[in-house]
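User: I have the sequence and the model open side by side. Could you walk me through what some of the labels rest on?

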Amino acid sequence: MPELPEVEVVRRGLARWVAHRPVASAEVLHPRAVRRHLAGGEDFARRLCGVTFATPHRRGKYLWLPVEDAGFSVLAHLGMSGQLLVKTEAAPDEKHLRIRIRFADALGTELRFVDQRTFGGLSLHENTAEGLPEVIAHIARDPLDPDFDEESFHTALRRRRTTVKRALLDQSLISGVGNIYADEALWRARLHYDRPTATLTRPKSAELLGHVREVMTAALDVGGTSFDSLYVNVNGESGYFDRSLDAYGREDEPCRRCGTPMRRRPWMNRSSYFCPRCQRAPRAVPA
C-alpha cells in the first residue's frame, strides 16, 4: 500500500491541478468505489455537483479534498492499487476507471479514480473543528507534520508494551509509516524489528524518529516508491525510491554497511527485512 511519501506526492499533484476548481459533475462507474459512502453513488455524485475543491490535505497515509464553504471533504482511500489521475477530457478511459469528476472551467482536464483491485475508493465525510474528515480524527500526526509532538511520541513509545516495528505502524501513535519505510528506518537505526519499545532510551528513540524523517524525505525527493505500475502520481508517473532501498526487498543481498546477507522473516502477514549482524535480535521477544 502507498505510504506517506507516495500519498504526499499525489497530494502535491492535486494541489496543482485540482485545487480551487469548480465541479461540473461526478460519475460513479463502479459501486465498490463508493462503498464507504454509505448514502450510495447517486448521493455522492449529487453532493459534488457544483462544489469547489479547496487545497488538498494529508495526515499520514490519509488524503482528502476539502470542499469550500461546505463543511465536508472527499476522503480518498487508495488501497492497494488506487490512483487519482488528472487526464485530458479527450483521453481514452482507463480499463479500471471507477469514478470521473468533471470540472466547470476551460482547462480541459478531469480527475479520475482508477483502481484495478477495487480495494480503495472515495467517500464524503463531515469535517471536525480542526478540518479533518471525522472518520480519521483519531489518526496521529505524522513525523513530517510541523506540529508533531516528539516528547509525547517518546513517552508513549516507552509506555507501550509492544515491539518497535509494531509501534511504528500504529497509526494512533505515529501516522504515515508503513512496512517499507519502517524496515528502512530500522536498518538505519540498527534496530531489530522485534526490539521491545520499553528498552529504547530517549536518545535512541529520537535517533529512530530522525531516520524515519530522513527516509521519507529522501523518498519524496524522487517521487516515492514504485515496485510496479500500480503506484503513480496524478500524471501517471512512477516513483524511483525503490532503487535506493537499503533493507526492504533485499533478501540474500549484502548489507550495504557490513556485507552480511540480508534476511527476510514473515511478520504479521507481511515480511520484515533486516541485517542479522547490524540489527541483532533481542534475547527475549515479548509474547
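Analyst: Happy to. In H1, the buried residues are Leu4, Pro5, Glu6, Val7, Glu8, Val9, Val10, Arg11, Gly13 and Leu14. This is a predicted model, where local features need pLDDT of at least 70, side-chain atom pairs count only at pLDDT 80 or more, and totals for chains, interfaces and linings use all residues. Residues are numbered from 1 along each chain as its sequence is written, and side-chain values use heavy atoms, leaving out hydrogens and water.

User: Why is H1 called largely enclosed?

Analyst: Because 10 of its 14 residues are buried, H1 is largely enclosed by the rest of the structure. Buried means under 20% relative accessible area, exposed over 50%, and partly exposed in between (1.4 Å probe, protein chains only). The cover over the buried residues of H1 includes strand S5 (82-88) and helix H6 (202-221).

User: What makes Thr118 count as buried or exposed?

Analyst: Its relative accessibility is 14%, so Thr118 counts as buried. Thr118 sits in the loop between strand S7 (109-115) and strand S8 (121-126). Leaving aside residues up to four places away in sequence, Thr118 touches His30, Arg32, Arg35, Ser81 and Arg98, where contact means heavy atoms within 4.5 Å.

User: How do you know that S4 and S8 pair?

Analyst: Two strands pair if DSSP finds at least two bridges between them. Strand S4 (residues 72-77) and S8 have six bridges, in the antiparallel sense, so they meet that definition. Val74 stands opposite Leu124 in S8.

Key:
Helix = DSSP H or I, 4+ residues; strand = E, 2+ residues; numbered from the N terminus.
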